[in-house]
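Here are some notes to read beside the structure, written as numbered points. Please keep the model open and find each residue as it is named.

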Amino acid sequence: MRVWRDIGLSIRAGMRHRARAPSMGGDEEREIKESCLFDARWYGERNGLGFDLDQAIAHYLTVGARAGFAPHPLFDPAWFAQRQGGPQSNRLTPLGEFLARSQKESLSPHPLFDCEGYLRKNPT
């Protein structure tokens with residue numbers, strides 16, 4: 001299934017990026033864009049919005065994350081927050097938190113995607 005391959009490749013790309021820049025450094029928008037873990041087309045279609053990537057990420061950061069909008073079909077913000085015991089940071093969106101913590105902690109973004117299992121079967 002293409003979506004599984006896409007999320008796996010996105011997570012791998014995001015992890016390679018985070019290996020170079022392990023913290024958000026106050027620029028969550030840039031980190032999300034460079035991670036490839038934001039599907040602007042899917043986000044727009046799901047939420048009735050017609051944005052390009054930059055507009056969609058800006059919307060997610062200012063409105064969408066607080067409203068519980070998912071940035072990718074295999075990123076479930078409510079499930080992710082519940083698995084982490086609630087938000088761990090007041091300054092990051094759920095996706096920003098995932099990006100900041102997932103490489104070190106092997107966090108999974110969705111109940112249908114096991115990040116640790118994927119990385120075990122597909123080592124870098």
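1. With which residue's side chain does the side chain of Glu 31 make a polar contact? The partner is Arg 30, and the contact between the two side chains is 3.3 Å. Please bear in mind, here and in every point below, that this is a predicted model. Glu 31 belongs to helix α2, and Glu 31 is buried, with a relative accessible area of 2%.

2. Helix α2 covers residues 28–35, and its buried residues are Glu 28, Glu 31, Ile 32 and Ser 35. When one looks down the axis of α2, these buried residues fall within an arc of 95°, so they line one face of the helix. After α2 comes Cys 36, which has a positive phi, near 70°.

3. The overall make-up of the protein can be stated briefly. There are seven helices and zero strands, which gives the pattern α-α-α-α-α-α-α when the protein is read along the sequence. The protein has 124 residues, of which 45% count as buried. Among contacts between residues at least 6 apart in sequence, 63% join residues that are at least 24 apart.

4. Helix α3 deserves a separate look. In α3, the residues Ala 40, Trp 42, Tyr 43 and Gly 44 are buried, and the buried residues of this helix pack against α4. Just after α3, Gly 48 takes a positive phi of about 65°.

5. The next topic is the aromatic rings. The structure holds eight aromatic pairs. Why is the pair formed by Tyr 43 and Tyr 60 classed as edge-to-face? The ring centres of Tyr 43 and Tyr 60 are 6.1 Å apart and the ring planes stand at 85°, so the pair is edge-to-face, given that planes over 60 degrees apart count as such. Tyr 43 lies in helix α3 (residues 40–47) and Tyr 60 in helix α4 (residues 53–67), so the pair ties together parts that are 17 residues apart in sequence. Tyr 43 is buried, with a relative accessible area of 0%, and for Tyr 60, also buried, the value is 0%.

6. Phe 75 and Phe 98 form an edge-to-face aromatic pair, with 5.7 Å from centre to centre and 70° between the planes. This pair links distant parts of the chain, since Phe 75 sits in the loop between α4 and α5 (77–83) while Phe 98 sits in helix α6 (residues 94–105), 23 residues apart. Phe 75 is buried, with a relative accessible area of 3%, and Phe 98 is buried as well, with a relative accessible area of 2%.

7. Which residues do ring pairs link into a cluster? They are Phe 38, Tyr 43, Tyr 60 and Phe 69. When residues up to four places away in sequence are not counted, Tyr 60 touches Ile 32, Phe 38, Tyr 43, Ala 65, Phe 69, Pro 71, Thr 93, Pro 94 and Leu 95.

8. Is His 59 buried or exposed? His 59 is buried, with a relative accessible area of 16%, because a residue counts as buried when this value is under 20%. Leaving aside neighbours within four places in sequence, His 59 is in contact with Tyr 43, Leu 49, Phe 51, Gly 64 and Phe 69. His 59 and Gly 44, which are 15 residues apart in sequence, lie 9.9 Å apart in space, taken from C-alpha to C-alpha.

9. In soluble globular proteins, nonpolar side chains tend to be buried together. The largest nonpolar core in this model has 15 residues, and those that touch the most other members are Ile 32, Phe 38, Tyr 60, Leu 95 and Phe 98. Helices α3, α4 and α6 each supply at least two residues of this core, and the largest share, four residues, comes from α4.

Terms used: Residues are numbered from 1 along each chain as its sequence is written. This is a predicted model: local features need pLDDT of at least 70, side-chain atom pairs count only at pLDDT 80 or more; totals for chains, interfaces and linings use all residues. Side-chain values use heavy atoms; hydrogens and water are left out. Buried means under 20% relative accessible area, exposed over 50%, partly exposed in between (1.4 Å probe, protein chains only). The arc is that of the directions from the helix axis to the C-beta atoms. Contact means heavy atoms within 4.5 Å. Rings of Phe, Tyr and Trp (its six-membered ring) pair if their centres lie within 6.5 Å; planes under 30 degrees apart count as stacked, over 60 as edge-to-face and the rest as tilted. A nonpolar core is a set of buried Ala, Val, Leu, Ile, Met, Phe, Trp, Tyr and Cys residues joined through side-chain atoms within 4.5 Å. A polar contact is a pair of N or O atoms within 3.5 Å; within protein, one must be able to donate a hydrogen and the other to accept it, and residues adjacent in sequence count only if both atoms are side-chain atoms.
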